[in-house]
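Hi,

Here is the structure I promised to pass on. Have a look at it first, and my notes follow below.

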Amino acid sequence: MTAQTETQGSVTTVYKVSGMSCGHCEGAVSGEISEIAGVGSVRAVASTGEVTVVSEAPLDDAAVRAAVDEAGFELVGRV
């Protein structure tokens, strides 16, 4: 599986985040990542630790890491 796929002007990237355990965690991570410029949608799944981000262009990993840190979790990397 690739970490990024590009389709018609959007990029989908899947990240692995550790520490999420509930819907509140998903909301916190999604809310912080959605504030990054160019992000169109975020879907966090606590049970798998995966966060799927659709953006206009590839995101800076440091910006995603900072957003996840701000939410109180740890970015493990891309899936």
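**What I found**

Starting at the N terminus, the elements run β-β-α-β-β-α-β, which makes two helices and five strands (DSSP runs numbered from the N terminus: helices are H or I with at least four residues, strands are E with at least two). The radius of gyration is 11 Å, close to the 12 Å that the globule rule gives for 79 residues, so the chain is as compact as a globular protein of that length. That radius is taken over C-alpha atoms, and the rule is 2.2 Å times the number of residues to the power 0.38.

Before you read on: this is a predicted model, where local features need pLDDT of at least 70, side-chain atom pairs count only at pLDDT 80 or more, and totals for chains, interfaces and linings use all residues. Residues are numbered from 1 along each chain as its sequence is written, and side-chain values use heavy atoms, with hydrogens and water left out.

Of the 79 residues, 37% count as buried (under 20% relative accessible area; exposed is over 50%, partly exposed in between; 1.4 Å probe, protein chains only). The largest nonpolar core holds 19 residues, and Met20, Ile33, Val51, Val64 and Phe73 have the most contacts inside it. Such a core is a set of buried Ala, Val, Leu, Ile, Met, Phe, Trp, Tyr and Cys residues joined through side-chain atoms within 4.5 Å. Two or more residues each come from strand E2 (10-18), helix H1 (23-34), strand E3 (39-45), strand E4 (50-55) and helix H2 (61-71). H2 gives the largest share, four residues.

What does Val64 touch, not counting residues up to four places away in sequence? Its partners are Tyr15, Ile33, Ile36, Leu59 and Leu75, with contact meaning heavy atoms within 4.5 Å.

Ser30 counts as buried because its relative accessibility is 16%. Leaving aside neighbours within four places in sequence, Ser30 is in contact with Val42 and Ala44.

Across the whole chain, 61% of the contacts between residues at least 6 apart in sequence join residues at least 24 apart.

Cheers
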